[in-house]
Amino acid sequence: MKTVMRKDNDRDNRENNVEKENWLDRHELGFLNLIVYVFRRHSRKEIEDISTQQRATLAELNGLWPRPWLYSRALFIFAVSFAMLYSCWVAEGKWEYSTLLPGMTVIGALAFPLSMVIFFYECNKFRSIPILSVLRYFLIGSCISIVVTFIFTFLLNIGLDTRVSVPDRVQNSLGLLFTSFRPLYWIDSSPYIPMAIAALVEEFSKTLIIYIFMMRYRRQCYILQGMLIGAAVGAGFAVFESAGYAMMGNDDIMSSILTRGLMSPACHTAWGALMGGGTMLIVKGVLRYKFLFNPKFSLLYLLVCLLHFAWNYLLTTYKTLNHNLQLSVFTWFLLLMLLWAGVLQVRKFKEQNQLPE
């Protein structure tokens, strides 16, 4: 009798486990699919499959929520590496000229932005962009956007004080631009104008590069694909900016790395993803350069600039990060809505039984 009861209990446990597994497989968790599979065990082969995946065919696509998890492993590796370097730096007495500082700064600046790029790479159900192309957008795209930002900042002469040496003959040839004419001479009248100009210039630089990269896929306006390209460019921008601020003063290096690192998923990486994915959402048909002058695209650009300006304003106005955390929640709400739109787009392609040629 006890043997029969034990067998019945074992059968019931197996059925319950199968039911739990099926419940997860049915994607009834919604947004939680982006997190819940982080806590499941994954084999090394799964990691290799993600890094060597081929472009998805229409038959392989499904209109279910993506299940990213590799990004958490990448973040864990960065955290462990940073902890080891930081421990050595502490044992060294936090020496101001320690050779550990550059490596610690780079690891700290890379951790969250690059992990978020991997997150959007996993969410791209089309698997249309190889990992080497993502790294190219991350490095080359961000560097070009920084160069464009530098040029515009210099021309606008923000703050009326530039560290760039301009030869006399260049000043003479350009006349008023570099000598008597200052486009933003009146910025001292308000502390908010530099914040607004910085947001407009930086977002314009990133948007221009993101748009150029997306033109390579102009006939395949996939929302999830646009989010990946935008996140890659924005993450690279965030890494260089965070590393630069951290190295400006060794006394505040840890607070700078932690503050900008922990908050980076809601900054440049998120803004770039919104810009890239939002562009693919509102474009109809083939993406063309004339769409840059579309009113909807202009509104999207202004929205991202507004988020950027609000972030800078809250960061400089309040001593705590409570308001920035609230803005981060709102930003990620927009990102989740955009991800949902990307999933619905996949369902639409499945219903039509064809992908854009």
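Me: Which residue's side chain meets that of Lys-45 in a salt bridge?
Reply: In this predicted model, the partner of Lys-45 is Asp-49, with N and O 3.1 Å apart. Both residues belong to helix 3, where they are four residues apart, about one turn of the helix.

Me: Is Lys-45 buried or exposed?
Reply: Lys-45 is exposed, at a relative accessible area of 52%. Asp-49 is partly exposed, at 37%.

Me: How many salt bridges does the count come to?
Reply: The count comes to three. One of them joins Lys-206 and Glu-203, at 3.0 Å from N to O. These two residues are three residues apart in helix 8 (residues 192-214), and therefore about one helical turn separates them.

Me: Are Lys-206 and Glu-203 buried or exposed?
Reply: Lys-206 and Glu-203 are both buried.

Me: What does Arg-127 form a salt bridge with?
Reply: Arg-127 forms a salt bridge with Glu-60, and the closest N and O atoms are 2.9 Å apart. This pair links distant parts of the chain, 67 residues apart: Arg-127 is in the loop between helix 5 and helix 6, and Glu-60 is in the loop between helix 3 and helix 4. Arg-127 is partly exposed at 24% relative accessibility, and Glu-60 is also partly exposed, at 45%.

Me: What about the backbone: what phi does Arg-127 have?
Reply: Arg-127 has a positive phi of about 50°, although it is not a glycine. Most residues other than glycine have a negative phi. Asn-353 is also not a glycine and has a positive phi, of about 60°.

Me: Where is Asn-353?
Reply: Asn-353 is in the segment after helix 13 (322-352). Its relative accessible area is 59%, so Asn-353 is exposed.

Me: Changing topic: how many helices and strands does the protein have?
Reply: The protein has 13 helices and zero strands. Buried residues account for 44% of its 357 residues. The accessible surface comes to about 19900 Å², and 63% of that belongs to carbon and sulfur atoms.

Me: What share of the contacts with a separation of 6 or more comes from residues 24 or more positions apart?
Reply: Such residues account for 78% of those contacts.

Me: Which members of the largest nonpolar core touch the most other members?
Reply: They are Phe-119, Phe-120, Met-227, Leu-287 and Leu-339, in a core of 87 residues. Helix 5 (residues 100-123) gives the most to this core, with 14 residues.

Me: What does Leu-339 touch?
Reply: Leaving aside residues up to four places away in sequence, Leu-339 touches Leu-34, Trp-65, Phe-119, Cys-123, Leu-224 and Met-227. Phe-119 and Met-227 are also listed among the core members that touch the most others.

Me: And helix 4: what should its 22 residues span?
Reply: At 1.5 Å a residue, helix 4 (residues 70-91) should span 32 Å, and its end C-alpha atoms are 32 Å apart, which agrees.

Me: Which residues of helix 4 are buried, and what covers them?
Reply: Leu-70, Tyr-71, Ser-72, Ala-74, Phe-78, Phe-82 and Trp-89 are buried. The cover includes helix 2 (33-36), helix 3 (44-51), helix 5 and helix 10 (253-263).

Me: What comes just after helix 4?
Reply: Gly-93 is found there, with a positive phi of about 85°. The loop between helix 4 and helix 5 also holds Ser-98, which is buried at 5% relative accessibility.

Me: What does the side chain of Ser-98 make a polar contact with?
Reply: It makes a polar contact with the side chain of Glu-92, at 2.5 Å. Not counting residues up to four places away in sequence, Ser-98 touches Trp-89 and Glu-92. Trp-89 is one of the buried residues of helix 4.

Me: Last one: where is Asn-294?
Reply: Asn-294 is in the loop between helix 11 (268-282) and helix 12 (295-317). A polar atom of its side chain lies 2.8 Å from the backbone nitrogen of Lys-296. Asn-294 is partly exposed, at a relative accessible area of 24%.

How values were computed. Residues numbered from 1 in each chain as written. Predicted model: local features only at pLDDT ≥ 70, side-chain atom pairs only at ≥ 80, totals over all residues. Heavy atoms only, no water. Core = buried A, V, L, I, M, F, W, Y, C linked by side-chain atoms within 4.5 Å. Buried < 20%, exposed > 50% of the residue type's maximum accessible area, 1.4 Å probe, protein only. Contact = heavy atoms within 4.5 Å. Polar contact = N/O pair within 3.5 Å; in protein donor to acceptor, adjacent residues only side chain to side chain. Expected span 1.5 Å × (residues − 1). Areas by Shrake-Rupley, 256 points an atom, 1.4 Å probe, with all protein chains shown as cover. Salt bridge = Lys/Arg side-chain N within 4 Å of Asp/Glu carboxyl O.
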